[in-house]
Amino acid sequence: MTELTHNPIDYTALTEQVRSDQAGAVVLFLGTVRELTGDRQTIALDYDAYPEMAVAKLAELEAEAREQWPVTEIAISHRLGHLELGEVSVAVAVSAPHRGQAFEAGRFLIDELKVRVPIWKKENWADGTTEWVHPGIDAPAAGDST
Amino acid sequence: MTITLRLFARASELVGQSELELELAVQSTVGNLRAQLGRQFPQLAPTLPHLLFAVDNDYVPDAFVLNDGASVVAFPPVSGG
């Protein structure tokens, strides 16, 4: 099960969704809104997505994880919209017969999500400026055309 | 030929629109589209080499040939999670 949602993520319910008598291991990863990036202070994050493709890519990731590990269940939920400090932006829950498989599949899912699924975050900095986060591209400096 | 282009995140912010129609030569590739965007929107320059393109919910390389009427999506590297 993979989804995008504008509502707070119920990660307890998400974890229950993957629990099974067939699985001896359950791993839950949560991404949460962090206050400090280096010495810059975040007030909030805004998440946007290209929803049709994001949903397709999340389903693709689930299928790829199932090909590589004997996963029992997978549940991924990514939040969109305005998130305050500490809120959960993404939850990845994986169950498998043994813990190594669950950890590895969970690591694969969150790592690939972050490079492949069309979702973007915009920083709301404490100094009042906002800035889209695009790994590998420096933010354009105000008034700087170079 | 005409294609429609949807833009997201900083690409949309820099262009000032989230959707536009573009005229391209027949048999244009994604690489041609990238070059045309650079000419039409100089403010995209620092972002242009990093832009990712997608058609039918899948990433497409610069060599991908576009059809007339294609719906193309472009965005800078993703930052979910």
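Trainee: Which residue forms a salt bridge with Arg66(A)?

Mentor: Side chains of opposite charge can pair when their charged atoms come close. A salt bridge here is a Lys or Arg side-chain nitrogen within 4 Å of an Asp or Glu carboxyl oxygen. Arg66(A) pairs with Glu73(A), with the closest N and O atoms 3.6 Å apart. This is a predicted model: local features need pLDDT of at least 70, side-chain atom pairs count only at pLDDT 80 or more, and totals for chains, interfaces and linings use all residues. Residues are numbered from 1 along each chain as its sequence is written, chains are lettered from A and ligands numbered from 1 in the order written, and side-chain values use heavy atoms, without hydrogens and water.

Trainee: Is Arg66(A) exposed, partly exposed or buried?

Mentor: Buried means under 20% relative accessible area, exposed over 50%, partly exposed in between (1.4 Å probe, protein chains only). Arg66(A) is partly exposed at 33%. Glu73(A) is partly exposed, also at 33%.

Trainee: Which side chain meets Asp58(B) in a salt bridge?

Mentor: Lys57(A), at 2.6 Å, N to O. This pair crosses between chains, from strand β4 of chain B to helix α2 of chain A. Helices (H or I, at least four residues) and strands (E, at least two) are DSSP runs, numbered from the N terminus. Lys57(A) is buried at 3%, while Asp58(B) is partly exposed at 37%. Both belong to a salt-bridge network that includes Glu60(A) and Arg116(A).

Trainee: How many residues separate Arg107(A) and Asp111(A) in helix α3?

Mentor: They are four residues apart, so about one helical turn separates them. Their salt bridge has its closest N and O atoms 2.9 Å apart. Arg107(A) is exposed at 57%; Asp111(A) is partly exposed at 34%.
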